[in-house]
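Visitor: I have not seen this one before. Can you walk me through it?
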Amino acid sequence: MEGSGTWQGLILVGIVTWICASSYLKFTHKFRSLLQPWATRQVVGGVPLILRIQKCQNGVLDAFFSGLSCVVSVPFYTAFLPLLFWSGHGRLARQMTLLIAFCDYLGNCIKDVVSAPRPSCPPVRRITATKDEEDNAMEYGLPSSHTLNTVCLSGYLLHYVLSSLEHESVSIQYYGFALACLLVALIAFGRIYLGMHSVVDIISGLAIGVLILGLWLTVNEKIDDFITSKQNVSSFWTALSFLLLFAYPTPEHPTPSYEYHTAFNGVTLGIVTGVQQTYSQFHHEAAPRIFSPELPISSYLGRVMVGIPTILLVKFCSKSLAKWTLPTVSNALGIPIRSSMYIPKLKNDKEYASGKKTDEPKNSVGYLQKLCELLSQDSFDIDTGIRFFQYAGLAWSVVDLVPSLFSYFNL
């Protein structure tokens, strides 16, 4: 379609314009100066309520709400989505992947713009039963990501199930809606009980989640139609994913939020490009689904046994390949880089950080240095690129490589 390239170009130009304007005009700092004082007062004022709720603490409630938080956490969804793709429910899996990536991006952007603290510990008792919860505690508090994600994903799952029923009854709608509301309520209350969030974080998570869900339900079919079409999908999404690495606010202090965004940004790129290339073979609406005669439970278990080791191997290989190639390419182009985690050598390598190790012409280096200055960067964190390609490779294997293996093994 002739108009497809036009709106794709407009979207990319709009993002570039926003990146440049927000960096030059310091939108993040201005929004933070307006919102952070109010949010901080609300968090401090909500501490007495948290302490009253935590008076009923006991080991059973600690375990229950900690377990419930793990069940709706991002790592859980990351592990669950491949199983959903392999079950034959490709459309649902695609939409939930893109939706959680959008929720993660928007929620973490708001967190890092506002940079509002979590409830002070002590006096609040904070329970972090897993490594994932410890990492979550290092993020800012407003809005509650668990609440936001639960609203969106449970709401979309309910919508998908109800729209798939041939004879939709009022009682099914009622019980489905009540179950979704109960899950959201338990998650919201549990985040307060665990000392991870204040009431204002929960309310903002609910409000933002409802807005995102409403928006998604109006555009999800158009997005899915675009992904499964042949309208420059891979090239557009690659450019979009690259720009989204820069279209992210700088928090007041470093947090793990950007790492989560980078990972899910890579996941969406891998899913979109993989599905776009293999839609007619593996991910169409007539694909065999679990519990059907074409895909019995035994075959599905075989898929899991083949698929899980494969995607873990691809993730490891993608990471190793990125650690080897990205520094080399950056060095050749004169891009100043640093590493805080994956490549110890680059932590203190001033030559790499300054971009001096290059055989490229000086004018090329000059343009790249000007780009760094425009984006307020003295050097780029190579860990971002490594993490991005690692998760993009993993996601691509879920929807392309692994289904090809299923076909080869007659699974």
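Visitor: What is the mean pLDDT of the protein, and how many of its residues reach 70 or more?
Guide: This is a predicted model. Its mean pLDDT is 85, and 90% of the residues reach 70 or more.

Visitor: Which elements have the lowest and the highest mean pLDDT?
Guide: Helix α15, residues 362-374, has the lowest at 44. Helix α10, residues 199-227, has the highest at 93.

Visitor: Over which residues does pLDDT stay under 50?
Guide: That happens over residues 350-374. The model still has 40 contacts there beyond four places in sequence. Where pLDDT is low, the predicted coordinates should not be read in detail.

Visitor: Okay, the overall makeup. How many helices and strands?
Guide: The protein has 16 helices and 2 strands. Of its 411 residues, 48% are buried.

Visitor: And the contacts, what share join residues at least 24 apart?
Guide: Counting contacts between residues at least 6 apart in sequence, 83% join residues at least 24 apart.

Visitor: Which residues form a nonpolar patch on the surface?
Guide: Trp18, Phe31, Leu34 and Leu35 form one, with about 440 Å² of accessible area together. Helix α2, residues 27-45, gives the largest share of the patch, 3 residues.

Visitor: Take Phe31. Where is Phe31 found?
Guide: Phe31 is in helix α2. Phe31 counts as partly exposed because its relative accessible area is 41%, between the cut-offs of 20% and 50%.

Visitor: Switching to Lys111. Is Lys111 buried or exposed?
Guide: Lys111 is buried, because its relative accessible area is 1% and the cut-off is under 20%. Its place is in helix α6, residues 90-114.

Visitor: What does Lys111 touch?
Guide: Leaving out residues up to four places away in sequence, Lys111 touches Ala116, Arg118, Glu139, Tyr140, Gly141, Leu142, Pro143 and Ser145.

Visitor: Last topic. Which residues does the UniProt annotation "transmembrane region" cover?
Guide: According to the unreviewed UniProt entry, the annotation covers residues 6-25, 60-86, 174-193 and 199-219.

Visitor: What does the chain look like over residues 6-25?
Guide: Residues 6-25 are 100% helix and 0% strand, and the end C-alpha atoms are 28 Å apart.

Visitor: And how far apart are the end C-alpha atoms over residues 199-219?
Guide: They are 31 Å apart, and that stretch is 100% helix and 0% strand.

Conventions: Residues numbered from 1 in each chain as written. Predicted model: local features only at pLDDT ≥ 70, side-chain atom pairs only at ≥ 80, totals over all residues. Heavy atoms only, no water. Helix = DSSP H or I, 4+ residues; strand = E, 2+ residues; numbered from the N terminus. Buried < 20%, exposed > 50% of the residue type's maximum accessible area, 1.4 Å probe, protein only. Contact = heavy atoms within 4.5 Å. pLDDT = per-residue confidence, 0-100. Patch = residues over 30% accessible without salt bridge, like charges linked within 9 Å, V, L, I, M, F, W, Y side chains within 5 Å. Areas by Shrake-Rupley, 256 points an atom, 1.4 Å probe, with all protein chains shown as cover. Salt bridge = Lys/Arg side-chain N within 4 Å of Asp/Glu carboxyl O. UniProt positions renumbered as here; feature names shortened; annotations may be inferred.
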